[in-house]
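Hi,

Here is the structure I promised to pass on. Have a look at it first, and then read my notes below.

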Amino acid sequence: MKERIESGKKILTEKLTRATSVAEVESLRVEVLGRKGFLRTILEDLKKAPPEERPALGKLINEFKQLAEQEIEKRLKELTGLALEERHLQEKLDVTLPGSRPPRGNWHILTKTLKKILEVFLRMGFEVVDGPEMEEEYYNFEALNIPWFHPARDEQDSFYIEKGWLLRTQTSPVQIRVMKERKPPFRIISPGKVYRRDPFDARHSPCFHQIEGLMVGEKVSFSDLKGILDLFCKEIFGEDTSTRFRPSYFPFTEPSAEVDISCQICHRAGCPVCKRTGWVEILGCGMVHPQVFKNVGYNPKKIQGFAFGMGLERITMLIHRIDDIRLFYENDLRFLRQF
């Protein structure tokens, strides 16, 4: 048994010297000190030795066990240190190399167009005003001269949250809120999301963006409206852009008009985009209806004003010749990175 123990020491030393990885040392630990390892076998054989030899053999076995544990632990520390040093060498940071830039975000194309539009109106003295997206029926309809029985509500009655409350179908309620809080003169521009029960197709979306403008004072005229919108169209679409006003109808303005611009594709020669007319509709406008002024406590005989509204998506589609409104909402970076 003494010879077996000495032989075990020699084999242990040789295998530890040859071991080049932590896994190999752990395997050797199991082979020597495990439940079915070399040490366990020696202890079972100790029972068969003569009683007078057991104390001396037991001492040798304990010395072997202590030696094995110490040598294995020592070799593990050596290999762990070597592995860590090698890893540090592999992962060493070369400060002379150029840094890697993180990907940069960018303004969404609708946000870029909105900023451009607001910049134009801010230069003309307009103030940007916001309003709630969840709106009372009164502000969204009644105060704008659209009572419950008015046929215009059929196109706009949309997402009701509870009785008397809905997601606003237009940004026009901001006009009412501002006029109830302020006295003329003032001029405001109000951008924001609106919601309607529209299909989600190339030209419609149940959620889109509107930009509403309002100017109120004692001597505000339709000529002021025409001049401001004509200047706006030239700033957005180019100096060679012509504008055309066509009579129309809106419950909250009288007289009302649709505004067209000369087709940016064919320059009024006629093409499929403008349906061979040479003109493309971009917004609606008109003088504020006297009943709307009465609803907010203004005297329509002393106060005049005009309002206009446009779709942000439509303006963006015309500027960049985009033919499908759904592209704005799909978050496809291949599309968004073009702008």
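This is a predicted model: local features need pLDDT of at least 70, side-chain atom pairs count only at pLDDT 80 or more; totals for chains, interfaces and linings use all residues.

**After the helix**

Helices here (H or I, at least four residues) and strands (E, at least two) are DSSP runs, numbered from the N terminus. Residues are numbered from 1 along each chain as its sequence is written.

As for α10 itself, residues 312-320, the buried ones are L312, E313, I315, T316, M317 and L318. Buried means under 20% relative accessible area, exposed over 50%, and partly exposed in between (1.4 Å probe, protein chains only). Among the elements covering those buried residues are α8 (222-237) and β10 (304-311).

Now the salt bridges (a side-chain nitrogen of Lys or Arg within 4 Å of a carboxyl oxygen of Asp or Glu). There are ten in the structure. R123 pairs with E119 at 3.5 Å, N to O; both sit in helix α5, four residues apart, about one turn of the helix. R123 also meets E235, at 2.8 Å. That pair ties together distant parts of the chain, 112 residues apart, with R123 in α5 and E235 in α8.

Another bridge joins E281 and R246 (3.8 Å, N to O), linking strand β9 to strand β7 across 35 residues. Through shared partners, salt bridges connect R244, R246, D260 and E281 into one network.

Cheers

Key:
Side-chain values use heavy atoms; hydrogens and water are left out. Contact means heavy atoms within 4.5 Å.
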